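Reader: I'd like to go through this one feature by feature. Could you give me the general idea each time, then the case at hand?

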Amino acid sequence: MTEKLIDAVNQAETPSQMVTAVKNLAAAKDPAAISALIAVFGYNNPAAAVVAVAGLTELGDVAVPQLLTQIDDYNYGARAYSIRTLAAIADPRALDVLVSTAATDFAPSVRRAAAKGLGNLNWSKLAVSESQDYINRALETLLLICQDTDWSIRYAAIVGLQALARVASVREKILTKFQEMLISETEAAIRARVQLATSSLGLTAC
């Protein structure tokens, strides 16, 4: 059955046919469809890609290994969908990819997706002995890109840090960074986002 659904995706002749075929494939919730759903990211059909993201996210952790190995190094649009999917699944096995992408990818949209994802990883899936190291790496990356020249990257870093602040061991460092940014940041939108983050964390911004 899944093979026929995959064939329908491959044989779609119009954008709407592609969307319908991908919806049907995603609805099967079959791990055998993972590779085909990832391939949809590169088809230049945003509506179909969004459906594929949702389908892969619903499949969850089982999709992570193939998402990591099938990231497109040449098509930034496809790469962005892969990163968004990994961020949504929140499996910490994606840490290395999210760290490198957030810090160095040439596409701002991909970097923003990675930055937001770094704050939302499910650390409870890690052994206690390794979780703090992973958390620290996420923190270091987000603190680094808080200094990026692109304001939208800094904005995404704040979103990531706000989410990461739920981890008690790094909360104080994040709050300290937010207070520093309220003083040093020149972009009004960034300061407003920092104020929102501090407020959500139970503090009153200076």
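Author: Let's start with a helix pair: the crossing of H4 and H6 is right-handed. Keep in mind that this is a predicted model.

Reader: How do I describe a pair like that beyond its handedness?

Author: Two packed helices are described by the angle between their axes and the distance between the axes. Here, the axes of H4 and H6 cross at roughly 30 degrees and come within 9 Å. Angles under 35 degrees count as roughly parallel, so H4 and H6 are roughly parallel to each other.

Reader: Which residues of H4 and H6 make the contact?

Author: From H4 you have Pro46, Ala49, Val53, Leu56 and Thr57, and from H6 there are Tyr81, Thr85, Ala88 and Ile89. By class, the contact of H4 with H6 has seven nonpolar residues, two polar and no charged.

Reader: Staying on H6, is Ser82 buried or exposed?

Author: Ser82, which lies in helix H6, has 1% relative accessibility and therefore counts as buried, the cut-off being under 20%. Leaving out residues up to four places away in sequence, Ser82 touches Phe41, Leu67 and Ile71.

Reader: Next, backbone angles. What should I look for in phi?

Author: The general idea is that most residues other than glycine have a negative phi, and most peptide bonds are trans. Now look at Asn44, where phi is near 55 degrees, a positive value in a residue other than glycine. Asn44 sits in the loop between helix H3 (34-40) and helix H4 (46-59). With 74% relative accessibility, Asn44 counts as exposed.

Reader: And what is the phi of Ala90?

Author: Ala90 has a positive phi of about 70 degrees, although it is not a glycine. Ala90 is in the loop between H6 and H7. At 11% relative accessibility, Ala90 counts as buried, whereas Asn44 counts as exposed.

Reader: Where is Asp91 found, and what does its side chain reach?

Author: Asp91 is in the loop between helix H6 (76-89) and helix H7 (95-104). Its relative accessibility is 5%, so Asp91 counts as buried. The side chain of Asp91 reaches the backbone nitrogen of Arg93 at 2.8 Å. Not counting residues up to four places away in sequence, Asp91 touches Asp61, Val64, Leu86, Leu121 and Lys125.

Reader: Moving on to H7, which of its residues are buried?

Author: In H7, the buried residues are Leu95, Val97, Leu98, Val99, Thr101 and Ala102. To read a set like this, ask what the buried residues pack against: for H7, the partners are helix H5 (64-69), H6, H8 and helix H9 (128-145).

Reader: Let's do another helix pair. At what angle do H8 and H10 cross?

Author: The axes of helix H8 (residues 108-119) and H10 cross at roughly 15 degrees and come within 6 Å. That makes H8 roughly parallel to H10. The crossing of H8 and H10 is right-handed. On the H8 side, the contact is made by Pro108, Arg111, Arg112, Ala115, Lys116, Leu118 and Gly119. On the H10 side, the residues are Ser152, Ile153, Ala156, Ala157, Val159, Gly160, Ala163 and Leu164. The contact of H8 with H10 divides into nine nonpolar, three polar and three charged residues.

Reader: How do H10 and H12 pack?

Author: H10 and helix H12 (residues 188-200) pack at an angle of about 0 degrees, and their axes are 10 Å apart. H10 and H12 are therefore roughly parallel to each other. H10 brings Trp151, Arg154, Tyr155, Ile158, Val159 and Gln162 to the contact, and H12 brings Ala189, Ile190, Arg193, Val194, Ala197 and Ser200. By class, the contact of H10 with H12 has eight nonpolar, two polar and two charged residues.

Reader: Which residues is Val159 in contact with?

Author: Setting aside neighbours within four places in sequence, Val159 is in contact with Lys116 and Arg193. Val159 is in helix H10 (residues 151-164). At 21% relative accessibility, Val159 counts as partly exposed. For sequence versus space, take Val159 and Gly117: they are 42 residues apart in sequence, and 9.2 Å apart from C-alpha to C-alpha.

Notes
Residues are numbered from 1 along each chain as its sequence is written. This is a predicted model: local features need pLDDT of at least 70, side-chain atom pairs count only at pLDDT 80 or more; totals for chains, interfaces and linings use all residues. Side-chain values use heavy atoms; hydrogens and water are left out. Helices (H or I, at least four residues) and strands (E, at least two) are DSSP runs, numbered from the N terminus. Buried means under 20% relative accessible area, exposed over 50%, partly exposed in between (1.4 Å probe, protein chains only). A polar contact is a pair of N or O atoms within 3.5 Å; within protein, one must be able to donate a hydrogen and the other to accept it, and residues adjacent in sequence count only if both atoms are side-chain atoms. Contact means heavy atoms within 4.5 Å. Axes are lines fitted to C-alpha atoms, for helices over the stretch in contact, and angles run from 0 to 180 degrees between N-to-C directions. Angles under 35 degrees count as roughly parallel, over 145 as roughly antiparallel, 65 to 115 as roughly perpendicular and the rest as oblique. A crossing is left-handed if the near helix is turned anticlockwise from the far one by less than a right angle, and right-handed if clockwise. Ala, Val, Leu, Ile, Met, Phe, Trp, Tyr, Cys and Pro count as nonpolar, Asp, Glu, Lys and Arg as charged, and the others, Gly among them, as polar.
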